[in-house]
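Let me put the model up and we'll walk through it.

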Amino acid sequence: MNGKFPQNFLWGGATAANQVEGAWDEEGKGPSIVDAIPGGKQRLTIVSSPEFDFSLDPQRFTYPNHKGIDHYHRFKQDIALFAEMGFKCYRFSIAWTRIYPNGVEETPNEAGLAHYQQVIDECLAYGIEPVITLSHYEMPLKLATEYGGWKNRALVAFFERFARTVLERFGDKVKYWMTFNEINSAAHFPIMSQGLIVNSGALEPQAKFQAWHNQFVASSTAVKIAREVNPQIQMGCMILYATTYAWDCHPINQLTALQSQQAFNLYCTDVQAGGKYPYYAKSLWKKLGVELSIEPGDLALIADYTVDYIGFSYYMSTTLNETNPDVDSAQGNLLGGVRNPFLEASEWGWEIDPVGLRIALNQLYDRYQKPLFIVENGLGAIDKPDENNYIADDYRINYLRKHIEAMAEAIDDGVELMGYTPWGCIDLVSMSTGEMSKRYGFIYVDLDDNIAGSGNRYKKKSFSWYQQVIASNGADL
Ligand code: BG6
């Protein structure tokens, strides 16, 4: 490996409020959409049914996000462990519902602000830069069930109030922010991402594209507020990037891969980083029967307030075979596609592809020439502690090592990479399945899928490995 990581490279880890905090109804917090989603492998399928009722029903369901890993109360212990690993940054999100419990209040919940003030100060005391996602797969439940989610323009003003509150309160201390987590993922799971439940259009392109438009306006508004509050702030977008391959050199398969690349990987970033709707947008809207409602001033705002960097998650690639789509489908790959015979998959069917990360970095940098930040990457696996609660997670180390090597190679290629925050640096509740047993962390949390257990934290083998990676600035892998 020749690539050298820059001296100020942001090594760290990432979590999201709804997946770690718990304390779902404490100190004034209101219910978020994910608080109404039960756990279980089929959770995304269950909530995608038109019959699913988002009123909370603890008699019928368990809601693992309600307890999370109790990071809300244990954040000091957890951040101390991150500091021991040498983290330069910690990516976490602010739960909108801690600040505006139902999204519509005029004044914020001071207890929620006080909590994040403490988290931020705790990070800074260790020299860890907070990297804050404004909205990570949760929004006030009321905004989804009563307002119909992001397709409703009213959400722009609600979000603006939330973003202004936290940026004004914390903008002098926190330099790195992101607007919407994996904004493009709404193509596949719009419920958590856009608060579009099935009855309000989760399956309709019109609703999704209008929701995206409103989110683009909200995102540029947040960039504008950030510039006013503190010009030092770096505001990023955040997308789910899945390097996309054509199955073979059949021109139809190549064309399909190109169009999927545009419609899925690049559509949102083209707007948020590029500052305008891309040339292919009109034909895409026409094909899907979408007619956007764009208000005067929207396009100018989008053009004037683009993001400073591109944050993205990378877990897997996807392979498309339009000429024979039913052959060997890639079961478990959240994005569908066919099985790639050159790749191995995780226990959840996510195809492991470090070279795909190098390709992703080059494709994104080539297109936008803006700094990139890998804000999620990692291997979800079942960990089996020994009698001393130790986990020799060499499989995780191997996964991360290969991806870090790919990053170094991309840096050699000339890509500008700001940092790396592996996902679920401490075990947390899975987004797609609500399980605890799908673990990503360097730190084991003793809780099962019902969130029963001691909640104790134990260092895995990968803990000391990542410590050494950071100490050597990526040289000692
Ligand atoms: C990303 C999300 O899609 O992937 C995270 O931003 C999520 O919230 C992560 O947890 C891993 O997915 P999962 O389903 O394994 O938790």
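I'll start with the overall picture and then go to one pair of helices.

Quick housekeeping: this is a predicted model, so local features need pLDDT of at least 70, side-chain atom pairs count only at pLDDT 80 or more, and totals for chains, interfaces and linings use all residues. Residues are numbered from 1 along each chain as its sequence is written.

The protein comes to 15 helices and 14 strands; those are DSSP runs numbered from the N terminus, H or I of at least four residues for helices, E of at least two for strands. Its C-alpha trace spans about 60 × 55 × 50 Å along the principal axes. Of the 477 residues, 54% count as buried, meaning 20 or more other C-beta atoms within 10 Å of the residue's own, with C-beta atoms placed from the backbone. And among contacts between residues at least 6 apart in sequence, 77% join residues at least 24 apart; a contact is two such C-beta atoms within 7 Å.

Now, the pair. How do helix 3 and helix 5 pack? Helix 3 is residues 71–85, helix 5 is residues 110–125, and they sit at an angle of about 20 degrees with axes 10 Å apart. Axes here are lines fitted to C-alpha atoms over the stretch in contact, and angles run from 0 to 180 degrees between N-to-C directions. So helix 3 is roughly parallel to helix 5, the cut-off being under 35 degrees. Who makes the contact? F75, K76 and I79 from helix 3, and V119, E122 and C123 from helix 5.

How values were computed: Parallel < 35°, antiparallel > 145°, perpendicular 65-115°, else oblique. Buried ≥ 20, exposed ≤ 12 C-beta atoms within 10 Å, placed from the backbone.
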